[in-house]
Amino acid sequence: GTLLGLVNGVRTIDAVIEQSELDRYTATRLLFDCARNGWVRRLRSSASTRRADVIVPGEFRLRWALGWLVPVAAILLVSVLFSNVLRDRRRDDLLIGEWRNRIERLEAARERERIRLAVEVYRVNTGRYPEDLLDLVETDLVPQDALRRDAGLQWEYTLGPEGESFALLPAPPPAAAAAD
């Protein structure tokens, strides 16, 4: 009866055996019999009492750092590899190419509107439309690079009958102009 009175759910098996003042074999056998009859059951020991789980502050930081370093390094390495491998494929990607075309068309429309407004400002200032788009550059209404492309003019500008209207159209690319 003295052994069973020592079991309280807090003491370890070793503490119960030690406090029972019985020899280890007898105390262990009595505890086993009590467990087999369902009078007591072994609770798992807390994680803090096991040596493998004892955390030394310096060791913990190292484990934590290594635990994060490996996955982060792997992600960075994979992203660098994929960015270099896929760089050439992105040029031929239809979706990216379509977006580039849309952006170029939007930029061209914005630039065309800017030049059209400059032509209207020129007409308000002088009372007539300019004879040539270069007149807009001379009056500082648009910069010269807005009118030029790599190998020529970017816009075709024509005056309507009697100078009452104008047309501003994108110039054909230099290769298409040379083919005509």
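This is a predicted model: local features need pLDDT of at least 70, side-chain atom pairs count only at pLDDT 80 or more; totals for chains, interfaces and linings use all residues.
# Reading salt bridges, hairpin and aromatic cluster

User: Which elements make up the protein, from the N terminus on?

Analyst: Elements are DSSP runs numbered from the N terminus: helices (H or I) have at least four residues and strands (E) at least two. Here there are seven helices and four strands, in the order α-α-α-α-α-α-β-β-β-β-α.

User: What share of the residues is buried?

Analyst: Burial is read from relative accessible area: under 20% is buried, over 50% exposed, and anything in between partly exposed (1.4 Å probe, protein chains only). Of the 180 residues in this protein, 16% are buried.

User: How many salt bridges does the structure hold?

Analyst: Side chains of opposite charge can pair when their charged atoms come close. The criterion is a side-chain nitrogen of Lys or Arg within 4 Å of a carboxyl oxygen of Asp or Glu. Five salt bridges are found in this structure. One of them joins Arg 116 to Glu 113, at 2.7 Å from N to O. Arg 116 is partly exposed at 31% relative accessible area, and Glu 113 is also partly exposed, at 35%.

User: Where does Glu 111 find its partner, and is Glu 111 buried or exposed?

Analyst: Glu 111 forms a salt bridge with Arg 114, with 3.5 Å between the closest N and O atoms. The two residues are three apart in helix α5, so about one helical turn separates them. Glu 111 counts as buried, because its relative accessibility is 13%, whereas Arg 114 is partly exposed at 39%.

User: What is the N to O distance between Arg 123 and Glu 120?

Analyst: The side chains of Arg 123 and Glu 120 meet in a salt bridge at 3.2 Å. Arg 123 and Glu 120 are likewise three residues apart in helix α5, about one helical turn. Relative accessibility is 33% for Arg 123 and 22% for Glu 120, so each counts as partly exposed.

User: Which residue lies over the face of Trp 99?

Analyst: A charge sits over a ring if NZ of Lys or CZ of Arg is within 6 Å of the ring centre and within 35 degrees of the ring normal. Arg 102 takes this place over Trp 99, at 5.4 Å from the ring centre.

User: How do strands β3 and β4 run, and how many bridges join them?

Analyst: Strands pair if DSSP finds at least two bridges between them. Strand β3 (residues 155-159) and strand β4 (residues 166-170) are antiparallel and joined by five bridges. Leu 159 stands opposite Phe 166 in β4. Six residues lie between the strands of this hairpin, and Glu 162 takes a positive phi near 60°, although Glu 162 is not a glycine. Glu 162 is exposed, at 78% relative accessibility.

User: Where is Asp 140 placed?

Analyst: Asp 140 is in the loop between α6 and β1 (148-149). This residue, not a glycine, has a positive phi of about 60°, and Asp 140 is exposed at 69% relative accessible area.

User: How many aromatic pairs does a search of the whole structure find?

Analyst: Rings of Phe, Tyr and Trp (its six-membered ring) pair if their centres lie within 6.5 Å; planes under 30 degrees apart are stacked, over 60 edge-to-face, and the rest tilted. The search finds two pairs. In one, Tyr 129 and Phe 166 have ring centres 5.1 Å apart and planes at 55°, so the pair is tilted. This pair links distant parts of the chain, 37 residues apart: Tyr 129 is in the loop between α5 (94-126) and α6 (134-138), and Phe 166 is in strand β4. Both Tyr 129 and Phe 166 are buried. Tyr 157 and Phe 166 also make a tilted pair, because their planes stand at 35°, with ring centres 5.9 Å apart. Tyr 157 is buried at 13% relative accessible area. Tyr 129, Tyr 157 and Phe 166 form one aromatic cluster.

Conventions. Residues are numbered from 1 along each chain as its sequence is written. Side-chain values use heavy atoms; hydrogens and water are left out.
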